[in-house]
Amino acid sequence: MNIYKHEFGMYIRSVITWSLSIFALLFLFLSLFSSFSASAALLNETLSKFPPELLMAFGMNDMDLSSVLGFYGIVFLICQICLSIQAANYGFGLVSVEERDMTADFLLAKPVGRPKILTSKFLAALTGLTITNAVIWISSFLLLNLYRAGKSFDLRTLILLLASIVIFQLFFLTVGVLISLLVRRVRSVTPFSMALAFGMYVLSAFGGMLGGDSLDIITPFKHFEPNYIIRNGAYDLPLVMISVVAIIVSIVASYLLYSRRNIASAV
Amino acid sequence: MSIIEVNNLTKYYGKARGIVDVSFNVEEQEIFGFIGPNGAGKSTTIRLFCSLIYPTNGQAKIFGKDCAKFGPDIRQEIGYLPSEVFYYDKMKVIDLLKYSASFYKKDCTARMHELAEIMELELTRRIEDLSYGNRKKVGIVQGLLHQPKVILLDEPTSGLDPLMQQKFFKLIREENARGATIFFSSHILGEVQKMCSRVAIIKEGKIIKIEDIKTLQHDNYKKIKVAASQIDASRFDVEGVIKLEKHNGVVGFFYKGDINVIMRKISEQEVSDVTIEEPTLEEIFMHYYE
C-alpha cells in the first residue's frame, strides 16, 4: 500500500493536466455542435466530395455529422489519441523511470518482492488513467446533454463507446511496460510513447486508406474505431479480443521479465 | 553459522566480467572489509546481496537464506548504503525517510530522528536542493533507521567531510557493538584499517586474499628506514628485501624474514637513526596490485 500511495502521488499532476485538457477539448468541440447541425446537410455534402480514402484515413467515412453521436465520434477519436499517449507514457515510465533516475536501488533494496512492486505500480498508474476515464464519462454526458441542440442520441451506443476506454488504456499501458522491459534502457519516455501511440494511429489510418485488413489488425485504434461502434451499435468482437489477448500477454510477460531483471547500476 | 556465506559467486553482464568464483564468509558481529580498486567487483557483490542483480553462477546466503530466493525476507534486516545515492528529487527529506521506514515491520520514527540529528540532516529540505554530501547523509539515515542486523556499506564515506566521516564511523561502531554485522566496501585503505577486523582483497573480479588485518600487517614486510652520513644502499640488498631506495642519505626498504639478519646488517653500520614500522595497508595493498 505504501508503494501504491507513493506512486500515485507521482501521477497526480499529470492526471490533472490530462483530464483538464481532455475536458477542454470535449467542451470546445461539442459546444460547436448546435451551429454545425444547423448546416449539417451542407457539411455532409462537402464531406462526400472528399476522396473516400482520405475520409477513411481519419475514420470519417460514412459519418453523419448531423447526428449527435456522428459528431461526437470525431472528438472521441481525438480523445483516443490523447488517451493512448497518456497511457503509453505511464506504461513506458512505470519501471524505467526508476532505473533512469537510479532510484531503483533504493526501492528494490527494501524488503519487498518485485511482483509486489510491479503490482503496486500498475495499480497506481491504472488509478490515474481511471480518473481521466471518469472525467471523460462525466463530461461527455454533461456536454452532450447541454449541446445536443434538441436532437436525441442512442444512450447505449454512447455507453459502448465510453466503456471501450478502459481496455484501450490498458493496451497502451501494458504494452508500454512490456516494451520498456524488453529494451535495455529507456532514456526518455516521450519518444517511445509517441512512437507507440502515433504508430498505432497511423497504422489504423493507413489500413483504412489501403482498404486491406492485414496491418490494422494489431492496432486498438481499429479495434475500437468510434465510427464502427456508432454505425453498428456494437463492438467488432474478434478485434476487441486481440486487444484483450495483447493485454494479458503483456502483463504476464512483464511480471516474468521484471522478476528476473538485473538493475543497472549508476557507474 | 556465518551471517553472510558466499559460495563460488559469479556474475557476468553479458560477456563483461562482474565477479568470478568469489567465496568467503562473514561472521556475526564482524566488521568485514572489502577492498579493491574501481571496477574490481565490489559493488557487483553488494548488489548481488540485495538481489538488485541475480548471479550467473554460485550463491550468496545471508542468515542462511539464499539472497536470490528470499530477498524480501532477508532485506527486512539489511541496511544498504549505495556508493552513489539517488532519491526521488521532488520529495522532502522527511517524506523520503518516512517512505523508507514504511517498508519495515518495526516503528522506526524515534531512531530516524535520532540519526538525522547525529548526521545534522535538515529534514524539511527537498532532495533536489541537497548537496552530494547531504544526499549521502540521507542515504546513511535511510540505511540505518530500522536498526538492521546486517549493514552493507558501498564506499560510504565519499562526499562526507572529515568531521562527518568521524561521526559516521562512530555510528557504525555503535551499530556493531549493538550486534550488527558490517560489510564495508572501500578503496580507501586507511578507513578499512581503522574499522575492520578482517579484510578480503578483490582484484579484477577475483578474491586474491582474505586475511585478518593484524596478520596482514604482522606476517608481512617491515618497513625499515636507516639514516647514516655515509651509507651504501647495496649492503642491504639481501634476501627478503624489496623496494630498496636511497633518498637524502636515508636508505628505505621493506623486509620480510628473520629480523635478526637485518638487525645485524644495520648494526654493522654507523647509523644516526633507525625506524622499523608496520607497513600501512596501502603499502601492503600496492604489493598485491603490482
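This briefing covers the contact between chains A and B, then one strand of chain B and its partners. The model is predicted. The contact draws 19 residues from chain A and 20 residues from chain B. In chain B, strand β9 spans residues 198-203 and is largely enclosed by the rest of the structure.

**The chain A side of the contact**

- Two elements of chain A, α1 (2-30) and α6 (104-108), each give two or more residues to the side that touches chain B.
- The largest share of that side comes from α6(A), with three residues.
- By residue type, the side of chain A that touches chain B divides into nine nonpolar, six polar and four charged residues.

**Strand β9 of chain B: burial**

- Five of the six residues of β9(B) are buried, so the strand is largely enclosed.
- A residue counts as buried here if 20 or more other C-beta atoms lie within 10 Å of its own.

**Strand β9 of chain B: pairing with β3**

- Strand β3 of chain B covers residues 31-35.
- β3(B) and β9(B) run in the parallel sense and pair over four bridges.
- Within β9(B), B:I201 is the bridge partner of B:I35.

**Strand β9 of chain B: pairing with β10**

- Strand β10 of chain B covers residues 206-212.
- β9(B) pairs with β10(B) in the antiparallel sense, over six bridges.
- B:I207 in β10(B) stands opposite B:I202.

Note on methods. Residues numbered from 1 in each chain as written. Chains lettered and ligands numbered in written order. Predicted model: local features only at pLDDT ≥ 70, side-chain atom pairs only at ≥ 80, totals over all residues. Contact = placed C-beta atoms within 7 Å. Nonpolar A, V, L, I, M, F, W, Y, C, P; charged D, E, K, R; others polar. Buried ≥ 20, exposed ≤ 12 C-beta atoms within 10 Å, placed from the backbone. Pairing = 2+ DSSP bridges.
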